[in-house]
Amino acid sequence: MIKISIIIPVYNAEKYLEQCLESVITQSLKEIEIICVNDGSTDNSLQILEKYSRKDNRIIIINQENGGASKARNSALQIAKGEYCLNIDSDDWINEEYFKSLYNKAKSKNLDILISDMNFIELNNESIYQKDLKILDTDLISGKEYIQIFLKENFYGYTWNKLIKRELYTKNNIKYNEKIFMFEDVELILKIAYFSQRIGKINLAFYNYRQGENNNTRKIKDKNFYDMLECYKNLEIFFKNYNEDKLKKIIARKKILSLLRQILVNGYGENDKNGKIYFDYLKELKQEKIILFPNKKESIKIIFIYNLLKFFPQNYILKNFRKLVQNINKIGNKK
């Protein structure tokens, strides 16, 4: 029996791919399949994959034209046979006993999802421990509880630190959104969580996440905004379709707070070349702010921030108000 399907999208990853694969094939849990999706790589990634597949027959290679990580993961899910699924990015690596520790706990507690902590690896190779979902190892929560905690307390939406029952994907037809490549994890994990009865935590960090070198570029920030907007709109529709009015309102609030924060941090002005998307959103926000925030005190804060951005869009003014980001987060944490 295949206990875990390991899914690794690969695109031009020759620099780190061998380290990733070595950390996977040397795990003590042997009943795994390793589905590597070569997403149109133009470097030596495919040659590295083929070399390792000759060394380890558990490695399955899928070749496809470049379509992004979401499409690659969806391709892997179509052929996965494991009881559970686990994502790994091709430039990351994992510590010993990762699979065994996760699988044994998930089975013993009959978990739908098991979440672990992680190590963020900075560009200077410094490792920073990051917690995800602050509950005890012995605690269990439902999927709906997880969704509310996630949206109110800003936990990580990655799927690579989450062991997920494969049937949650197949029975509920859950797939990664191939139109976005940021926040696709958030959209998927909240949909998956909705169908989950038992979610647990292991308070150890086995996964080493290599921070990207271009995360702070303007192009990435723009894409961040587009994809965040798409993600939260899709989630609003999803929960509306399941008549989950409370969850839909929480999602709507999270969308507003997150996008306002993004505008403040990016500091676009209305006349900036790429600023139109931000101010189009502010116009849209004008139509929803009162309805979504029945609490009068909270509505006043949201309206204030909205009008601040509307009437003072210049970069030099926005930069003076970046401290408001902390207040935005505080609003989001309130019930």
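Y146 touches I115, L133, I141, Y156, K162, I189, L190, A193 and I199, leaving aside residues up to four places away in sequence; contact here means heavy atoms within 4.5 Å. The model is predicted, so that local features need pLDDT of at least 70 and side-chain atom pairs count only at pLDDT 80 or more, while totals for chains, interfaces and linings use all residues. Residues are numbered from 1 along each chain as its sequence is written, and side-chain values use heavy atoms, with hydrogens and water left out.

Y146 and L190 have the most contacts inside the largest nonpolar core, which has 45 residues. A nonpolar core is a set of buried Ala, Val, Leu, Ile, Met, Phe, Trp, Tyr and Cys residues joined through side-chain atoms within 4.5 Å. Buried means under 20% relative accessible area, exposed over 50%, and partly exposed in between (1.4 Å probe, protein chains only). Helix α8 supplies the largest share of this core, 8 residues. Helices (H or I, at least four residues) and strands (E, at least two) are DSSP runs, numbered from the N terminus. A second, separate core of 37 residues includes L17, L102, L111 and L163.

Helix α5 (residues 143–153) packs against helix α7 (residues 184–194) at an angle of about 150°, their axes being 7 Å apart. Axes are lines fitted to C-alpha atoms, for helices over the stretch in contact, and angles run from 0 to 180 degrees between N-to-C directions. On the α5 side the contact is made by G143, K144, Y146, I147, F150 and L151, and on the α7 side by V186, I189, L190, A193 and Y194.

R73 takes part in salt bridges, each defined as a side-chain nitrogen of Lys or Arg within 4 Å of a carboxyl oxygen of Asp or Glu. The closest N and O atoms are 2.8 Å apart in the pair of R73 with D185, and 3.2 Å apart in the pair of R73 with D89. R73 lies in helix α3 and D185 in helix α7, 112 residues apart. R73 is buried, at a relative accessible area of 3%, and D89 also counts as buried, at 18% relative accessibility. R73, D89, E184 and D185 are linked in a network of salt bridges.

Q27 lies in the loop between α1 (17–25) and β2 and is buried, with a relative accessible area of 2%. Q27 and E97 are 70 residues apart in sequence, yet their C-alpha atoms are 6.0 Å apart in space.
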